[in-house]
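Keep the sequence and the model side by side as you read.

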Amino acid sequence: MSSTTRSASNTRGPASIFSSSVETDANSIHGAEPTGRNLTDVPEEEGYDIPPPVPSSPYITTSPPASTSTFNTSVKAPRKAASVRTLGRTSNDQLGSASSVTAVKRAASASSAAVPSTGSANNTRAPRSTSSSSVAQKFRSSPRLPHDKDAPPASSTIMYWSRAPVWGTIPTRTMRAHTVTLVDTTAWLFGGCDDKDSSKDIYCFDTETMQWTHPDTVGEQPPPCRAHTSTLYDKKLLIYGGGLGSVYYDTVYVLDTTTRRWIRPKIAPGPQPAARRAHSAVYYKGRVWIFGGGTGLTALNDVWTLEVAGGAGSNSRPMRWEGMETYGKKPGPRGYHTANLVGNTMVVIGGSDGKESFTDIWCLNLDTLWWSLVKQQQPLYKRLAHTATQVGSFIFIMGGHNATDYVSELLLYNLVSLQYEPRQVLGKPPASRGYHATILADSRLFVFGGSNGQTAFDDVYILDLAAGAYLPQVTSFIMDPAQIVPGSHS
């Protein structure tokens with residue numbers, strides 16, 4: 001097949017967890033006298049810099065100019081300039097907010113420039129509630145279609161990166177250590193780093209029209225947080241843990257995405273997990289399974305479940321925590337790893353304990369509670385603050401930190417052979433980053449925000465699976481047992 005240039009018409013329509021920035025300085029990160037915490041070397045979503053050392057002077061960058069159709073809907077309450085964000089660090093270490101400067105070669109077409117209809121229920125805005133931020137909203141009336149003369153031509157069969165032509169009520173903050181959860185065709189963004197007034201706001205992104213909306217919610221909202229988890233069940237988002245500054249949370253909040261109502265569910269008395277951030281969570285058989293993370297004093301490798309099925313959370317039927325006793329050799333304590341539910345198995349990839357970054361991959365059978373370690377072959381990849389998205393019989397590992405620097409590399413991990421598999425990808429990938437969020441929707445991988453240690457991003461990128469669009473349809477496969485080291489009682 002001859003190579004052809006990708007066009008806009010190919011976009012189809014229908015940190016730290018471990019310690020706070022107050023308690024950590026650049027010297028302790030890079031080998032000087034420790035502060036007393038044993039995880040001060042972990043790159044972290046708010047207070048940790050990753051080698052090479054970051055200078056103490058502020059990083060101030062300027063956001064790229066918006067399109068001519070971008071304007072503010074309110075002049076009475078102009079928002080704080082978006083070029084400087086503290087992102088949870090000390091006031092003397094500010095970071096810049098800037099969209100990635102990379103763009104993608106697209107041939108503009110009449111169909112791609114049309115503004116999608118806003119008549120769907122997902123795009124209907126209710127009146128702003130009194131609890132919402134008074135900051136003026138940034139609105140773009142037409143999609144931004146970036147062009148890049150340097151973007152290479154690509155066969156329509158090869159996976160291809162491009163920047164999403166977003167429009168609508170654009171988030172007024174950068175996105176770092178946030179969560180994005182897909183419900184039907186709508187991606188729900190919550191939390192991340194920003195000021196206290198807006199980091200708890202919900203934004204919605206329609207994966208078909210590329211429209212951002214800023215819906216109102218009611219009920220008891222969570223406090224601003226980052227490095228939390230958001231777990232989907234029954235079209236509800238369960239937010240657990242995270243923190244802000246030196247504060248670590250052990251609270252549970254639930255957002256009903258149908259009614260847009262927050263609740264603080266009732267929790268039965270009894271043992272509960274320690275407050276934490278940078279943990280992982282999956283949903284299996286009516287329970288949310290929590291693994292690892294950090295408390296600010298130490299990294300963790302414990303497993304807890306929270307019973308949420310059957311309307312749990314009321315006074316008459318509270319949710320209940322249970323610490324799970326697992327068997328076999330366990331993974332070392334870690335945070336900023338990823339966990340994917342593959343059948344009845346939780347697959348844990350990478351992470352860090354504050355001293356070193358990991359290459360290992362672990363499997364926990366959630367029925368037998370046995371841990372197993374995957375045999376690894378060269379090359380090995382150290383990763384933390386990355387994302388891992390299951391795409392059929394593969395896990396797509398995007399970005400993160402490799403113990404030396406942030407990367408933009410896309411790794412495909414084959415769940416059948418349990419090995420990495422090279423695959424050609426063209427286009428302009430997102431800038432190197434970690435602490436981003438990734439979802440799979442309609443044979444496309446969406447990447448939201450992130451940070452490179454100096455700049456936090458507010459962009460959205462799309463990986464078109466092209467000839468690999470069949471991959472999400474692969475739902476039945478068996479992991480190679482020869483590649484798994486059986487567990488043994490420890």
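Which side chain meets Glu307 in a salt bridge? Arg317 does, at 3.1 Å from N to O. A salt bridge here is a side-chain nitrogen of Lys or Arg within 4 Å of a carboxyl oxygen of Asp or Glu.

The model is predicted: local features need pLDDT of at least 70, side-chain atom pairs count only at pLDDT 80 or more, and totals for chains, interfaces and linings use all residues. Residues are numbered from 1 along each chain as its sequence is written, and side-chain values use heavy atoms, leaving out hydrogens and water.

Back to the pair. Glu307 sits in strand β20 (residues 299-307) and Arg317 in the loop between β20 and β21 (320-323), so the contact ties together parts 10 residues apart in sequence. Strands (E, at least two residues) are DSSP runs, numbered from the N terminus. Glu307 is partly exposed at 28% relative accessibility. Arg317 is partly exposed too, at 33%. Buried means under 20% relative accessible area, exposed over 50%, and partly exposed in between (1.4 Å probe, protein chains only).

Next, Glu220 and Arg264. Their side chains form a salt bridge at 3.6 Å, N to O. This pair links distant parts of the chain, 44 residues apart. Glu220 is in the loop between β11 (218-219) and β12, and Arg264 in the loop between β17 (261-263) and β18 (280-284).

Lys235 pairs with Asp184, their closest N and O atoms 3.2 Å apart. Lys235 lies in the β12 (229-233) to β13 (236-240) loop and Asp184 in the β7 (179-183) to β8 (186-190) loop, so parts 51 residues apart in sequence are tied together. Asp184 is exposed at 55%, while Lys235 is partly exposed at 40%.

By this rule, the count comes to 11 salt bridges.

Conventions
Helices (H or I, at least four residues) and strands (E, at least two) are DSSP runs, numbered from the N terminus.
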